Amino acid sequence: MVDLLVPAALFVGSLGALLFGSELFTSAAEEIGLSLGVSPFIIGVTVVAGGTSLPELTSSILAVLRGAPEIVMGSVVGSNISNMLLVLGIAAVVGGNIRVIRELVEVDLPLLVASAVFLLLATWGSPFAWYEGLLALVALGVYVQFTIREKDRYVGMLVDEMVEESGETGPEELRPQADAGTYARLLLSLGVVFAAAYGLVESIITLSTTLQIGTEIVAITAVAVGTSLPEVVVSVVAVRRELPGLAVGNVLGSNLYNSFLVTGVPSLAGDLVVPTSIRSYGLPAMVLITVLYFFITQDREITRWEGMTLLLLYVVFVVNLGSFL
């Protein structure tokens, strides 16, 4: 029991520190970007969107360097499934029906389905190689470039929601000033993120050895749920503030960055091994759930009952995952 408590405590502590460091890094980077005159929208689709995937990215890079590349796909698949089933499910149940903006249904959601299919095909019968990772990074770059080019569509979508909520035409934005303390917070947060990610990877390896299960099983369950907690809070708050575009966009952006960035960067350091549990169950389940997510949003609303169904599907997913233990 003692052999299990120590790595479990290290896991929880490292995960908490990783989430804290990622939030600190994102806020500092956002403040620096704004002080330099960068558009808030561009910061949102780059720094803020990427910040939600920073825990998965750093832990995945260190996992490859540590010789446990199977953690990467487990983390990505688990996080994406948790985002679609847990995050949106909880947001719909707690916050009520989630209205889905038409622009997301027509453009972004089809791309989300394509990213899931890409991962399935790229890992079909082989590891995820560096050239596939490079292709994933190019795809992410194209998506970000398209989003920035079509920013009027997205900005209008979010501004309309904010105006509808507040009844105002939009306050004048003041440019913040980044001082030495801001840059210090940025550097400190990076140190915290990498130290916490190292502790997380080590605890995953120790826990999997002690429990005699694959490291990808720990990554697809405990790590995925833990790193999805910030998205749960953001999405629930967004729905309660009647900003559904932020709730759905939060999940969508996080999943795209996971599929393209979190797999792309670590693959440049070495091929990503895909365990049997991920190839034969995790990835196909992620694709099916993504397609289901696409279809339930076609009426541009996720109801409370659909939210309950999403939560039930997550329970089914975890239970069936038990057959690989």
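Let me start with a definition: rings of Phe, Tyr and Trp, the last taken by its six-membered ring, pair if their centres lie within 6.5 Å. Planes under 30 degrees apart count as stacked, over 60 as edge-to-face, and the rest as tilted.

Some ground rules. This is a predicted model, where local features need pLDDT of at least 70, side-chain atom pairs count only at pLDDT 80 or more, and totals for chains, interfaces and linings use all residues. Residues are numbered from 1 along each chain as its sequence is written, and side-chain values use heavy atoms, with hydrogens and water left out.

Now the rings. Searching the whole structure gives six aromatic pairs. Take Phe118 and Phe260: ring centres 6.2 Å apart, planes at 55 degrees, so this pair is tilted. It joins distant parts of the chain, with Phe118 in helix α5 (residues 102-122) and Phe260 in helix α10 (residues 244-267), 142 residues apart. Helices here are DSSP runs of H or I, at least four residues; strands are runs of E, at least two; numbering starts at the N terminus. Phe118 and Phe260 are both buried. Buried means under 20% relative accessible area, exposed over 50%, partly exposed in between, with a 1.4 Å probe and protein chains only.

Next, Tyr314 and Phe317. Their ring centres are 6.2 Å apart and their planes at 40 degrees, so that pair is tilted. They sit three residues apart in helix α12 (residues 304-321), which means about one helical turn between them. Tyr314 and Phe317 are buried. Ring pairs also tie Phe118, Phe128 and Phe260 into a cluster.

On to the cores. A nonpolar core is a set of buried Ala, Val, Leu, Ile, Met, Phe, Trp, Tyr and Cys residues joined through side-chain atoms within 4.5 Å. The largest one has 60 residues, and those with the most contacts inside it include Phe128, Met286 and Tyr293. Several helices each supply at least two of its residues, among them α3 (54-65), α4 (70-95) and α9 (215-240). Which helix gives the largest share? That is α4, with twelve residues. A second, separate core has 25 residues, including Leu15 and Leu207.

Back to Tyr293. Leaving out residues up to four places away in sequence, Tyr293 touches Met84, Leu88, Leu109, Leu112, Val248 and Ile302. Contact means heavy atoms within 4.5 Å.

Ser267 is in helix α10. Is it buried or exposed? Ser267 has 1% relative accessibility, so it counts as buried. Among the residues that Ser267 touches, again beyond four places in sequence, are Phe128, Trp130 and Leu272.

One backbone point. Most residues other than glycine have a negative phi. Gln212 has a positive one, near 60 degrees. Gln212 lies in the loop between α8 (180-211) and α9. With a relative accessible area of 71%, Gln212 is exposed.

Finally, the whole chain. It has twelve helices and two strands. Of its 325 residues, 51% count as buried. Among contacts with a separation of 6 or more, 87% come from residues 24 or more positions apart. The chain exposes about 14300 Å², and carbon and sulfur atoms supply 68% of that. Those areas come from the Shrake-Rupley method with a 1.4 Å probe; for residues, only the protein chains shown count as cover.
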